[in-house]
Amino acid sequence: MAIERQRVIEQDKMERRHNFDPVESNLTPEQVKLEASRCLNCKNPRCVQGCPVNIQIPQFIQAIKEGNLEKAGEIIRETSMLPSVCGRVCPQERQCEGNCVLGIKGSPVAIGALERYVGDNTKADMPEIKPSGKKVAVVGSGCAGITAAADLRKEGHEVVVFEALHKLGGVLRYGIPPFRLPRTVLDREITNLKQMGVKFHTNVIVGKSITLKQLKEDGFDAIFICSGAGLPKMLHVPGENLNGVFSANEFLTRVNLMQAGQPDSPTPLRVGKKAAIFGGGNVAMDAARTAVRVGFEEVYIIYRRTEKELPARLEEIRHAKEEGVVFKFLYAPKEIIGEDGYVKAVDLEVMELGEPDESGRRKPVATGKIERMDLDTVIVALGTGPNPIIQRSAEAEGLEIITDKRGYITVDGETRCTNIPTVYAGGDVAPVGESNAINAMGAGKKAAKAINDLLK
């Protein structure tokens with residue numbers, strides 16, 4: 001308790017408004033030793049219970065204390081092949097660090113920063129792989145797919161990952177900006193899988209380019225669907241079809257994957273003066289901070305509840321404020337106003353908080369008051385739903401996949417098995433709990449374990 005929690009060095013808040021370089025640097029070696037020494041090595045490690053993939057946190061921190069960084073890396077990679085990614089994008093404050101005993105009366109151990117340091121400064125050992133003679137198809141190369149592919153390959157199966165886009169990484173690449181997750185980090189983690197023998201095919205849309213039935217006919221013994229949830233949820237207000245209205249998915253994909261923020265891009269953005277992002281999650285923060293960097297003069301987060309109810313990570317909220325993003329609370333969009341086919345303004349309905357809803361948060365209630373705000377760009381970050389391509393193509397071939405009323409694939413909570421034997425699903429297409437990187441990885445691990453058990 002006498003040792004203060006170690007803080008990473010952050011890029012100057014004014015400088016980082018104009019670049020996509022990482023905002024945070026790693027801890028120094030000296031800071032890592034100090035931070036590791038804060039760990040109490042609890043007999044009942046609540047931090048491990050809070051981690052969806054059950055990384056043995058006290059053990060890897062103990063290895064750091066002993067000066068054995070490579071051992072720390074081995075311990076982490078026994079359960080997670082993405083330490084450099086998770087150390088940067090996981091909501092540690094609600095998971096491992098949120099369960100740390102030190103956090104009861106002080107600051108929890110900076111588990112995320114330690115994991116990131118270990119991931120960045122150690123190499124993954126290639127396991128000895130004995131061929132099993134079995135084949136597994138993984139549909140999607142995001143968090144769930146990468147995790148499952150690693151665990152399946154370790155058991156000797158031939159693993160083929162099919163990615164719809166032209167680059168690998170799923171939402172880690174097209175959704176999360178490089179100032180939060182450097183592309184060199186993501187590429188390194190994927191290279192490790194390639195060295196293990198995992199095969200990747202890009203530009204393949206399962207359900208269009210190839211169907212589930214064809215994968216079965218091609219000799220795949222099991223299929224894991226983790227294609228994400230790429231169907232954006234929109235506002236459903238008048239004026240939403242105007243030029244200058246984007247879903248956060250489209251906006252972030254165009255900038256992150258297609259470099260639309262660059263003036264020489266073949267598909268450039270029309271950058272205006274004022275942009276408003278509707279939503280309060282991490283995706284909303286990513287969109288707002290990206291809008292700042294591509295050149296919008298004023299960027300607003302408009303949220304229908306108060307700051308207390310914001311679901312985004314506290315760190316992301318702080319970074320957004322430091323970078324000049326303005327937060328407007330207790331407002332909801334009523335109508336988007338256009339001129340000559342483009343966004344000109346938005347009418348906002350003033351809200352107040354009523355009784356708690358099913359989520360436990362107080363429900364926003366319209367007051368009837370309307371305020372108009374001049375804008376030229378609207379970005380909608382209200383979440384996403386599952387793209388039904390795979391389900392519809394499977395149904396057309398007589399392989400009906402059961403989904404819930406929202407279109408998400410229904411799976412067994414422990415095995416992630418669908419109603420079709422040998423077909424599994426996880427991640428955002430079949431979510432269990434909060435939608436984030438580490439929960440998707442947890443789903444990938446559960447599915448891989450069930451598939452491994454099946455193929456034995």
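I took contact to mean heavy atoms within 4.5 Å. This is a predicted model, so to speak of local features I need pLDDT of at least 70, and side-chain atom pairs count only at pLDDT 80 or more, while totals for chains, interfaces and linings use all residues. Residues are numbered from 1 along each chain as its sequence is written, and side-chain values use heavy atoms, with hydrogens and water left out.

**Helix H1.** I looked up burial in H1 (residues 29–37): Gln31, Val32, Glu35 and Ala36 are buried (under 20% relative accessible area; exposed is over 50%, partly exposed in between, with a 1.4 Å probe and protein chains only). Seen down the axis of H1, the buried residues fall within an arc of 130°, so they line one face of the helix; the arc is that of the directions from the helix axis to the C-beta atoms. Glu30 and Lys33, on the other side of H1, are exposed. Helix H3 (57–65) and H6 are among what covers the buried residues of H1. Helices here are DSSP runs (H or I, at least four residues), numbered from the N terminus.

**Aromatic rings.** My search of the whole structure gave four aromatic pairs (ring centres of Phe, Tyr or Trp, the last by its six-membered ring, within 6.5 Å; planes under 30 degrees apart are stacked, over 60 edge-to-face, the rest tilted). Phenylalanine 327 and phenylalanine 329 form a stacked pair, 5.8 Å centre to centre with 25° between the planes. Phenylalanine 327 is buried at 14% relative accessible area, and phenylalanine 329 is partly exposed at 23%.

Notes. Helices (H or I, at least four residues) and strands (E, at least two) are DSSP runs, numbered from the N terminus.
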